[in-house]
Amino acid sequence: MYSKSVMKHFMRPKNQGQIKNPDGVGTVGNPTCGDIMTVYIKVKKNKDAEAISDVKFETLGCAAAIATSSMVTELAKNKNLDQALLITRQDVADSLEGLPPAKMHCSNLATDALRRAIEDYRSKAREKAEKPKKNKKEEEIIFPDTDPRK
Ligand code: FES
């Protein structure tokens with residue numbers, strides 16, 4: 001039996017859909033039940049931290065999978081990335097006034113998809129930061145004697 005909160009988030013999920021040009025995307029599936037969840041995030045850089053300015057999800061799955069997706073996006077919105085990584089499946093389940101034991105794995109999907117979206121954002125940011133350095137080195141190595149100022 002689902003709680004009122006689960007039914008509310010299942011019937012009227014928050015943040016459902018895609019984000020165009022997301023900064024990070026995370027998809028996870030559960031091979032046993034076949035449910036699949038994708039989380040999209042937009043990240044805004046502040047002085048000291050990076051925060052989730054927008055978050056949406058697409059889920060093909062059971063009522064609990066949809067409700068936990070909806071709840072994890074609500075919990076993650078406006079949190080900085082390190083805080084968002086600390087959201088646990090228990091936090092999601094507690095915020096939904098509990099989940100039946102057989103449905104606790106649905107909240108794993110939600111937190112895992114969020115984590116993957118954050119990891120995706122961070123790995124893209126690392127690649128971006130490393131690219132210019134590489135190009136500069138290549139230029140120095142390939143064209144050492146073509147400096148017109150010499
Ligand atoms: S039954 Fe598997 S995610 Fe809900």
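Visitor: Which residues does Val92 touch, leaving out those up to four places away in sequence?
Guide: This is a predicted model, where local features need pLDDT of at least 70, side-chain atom pairs count only at pLDDT 80 or more, and totals for chains, interfaces and linings use all residues. Residues are numbered from 1 along each chain as its sequence is written. Two residues are in contact if their C-beta atoms, placed from the backbone, lie within 7 Å. By that rule, Val92 touches Thr68, Met71, Val72, Leu75, Ile87, Ser107, Ala110 and Thr111.

Visitor: How many residues does the largest nonpolar core have?
Guide: A nonpolar core is a set of buried Ala, Val, Leu, Ile, Met, Phe, Trp, Tyr and Cys residues joined through C-beta atoms within 7 Å. A residue is buried if 20 or more other C-beta atoms lie within 10 Å of its own, exposed if 12 or fewer, and partly exposed in between, with C-beta atoms placed from the backbone. Val92 is among the residues with the most contacts inside the largest core, as are Val39 and Val72, and the core has 31 residues.

Visitor: Which helices and strands each supply at least two residues of this core?
Guide: Helices (H or I, at least four residues) and strands (E, at least two) are DSSP runs, numbered from the N terminus. Those that each supply at least two core residues are E2, E3, H2, helix H4 (89–95) and helix H5 (104–142).

Visitor: How many residues of H2 are buried?
Guide: Helix H2 covers residues 63–76. Its buried residues include Ala65, Met71 and Leu75. H2 is largely enclosed by the rest of the structure, because the buried ones number 12 of the 14.

Visitor: How far apart are the end C-alpha atoms of H2?
Guide: The expected span of a helix is 1.5 Å times one less than its number of residues. For the 14 residues of H2 that should be 20 Å, and the end C-alpha atoms agree, being apart by 20 Å.

Visitor: How many bridges join E2 to E3?
Guide: Two strands pair if DSSP finds at least two bridges between them. A hairpin joins E2 to E3 through four residues, and Val43 stands opposite Ile52 in E3. The two strands run antiparallel, and the bridges joining them number 10.

Visitor: Is Asn30 buried, exposed or partly exposed?
Guide: Asn30 is found in the loop between strand E1 (24–29) and strand E2 (36–45). Not counting residues up to four places away in sequence, Asn30 touches Asp35, His105 and Leu109. Because Asn30 has 17 C-beta neighbours inside 10 Å, this residue counts as partly exposed.
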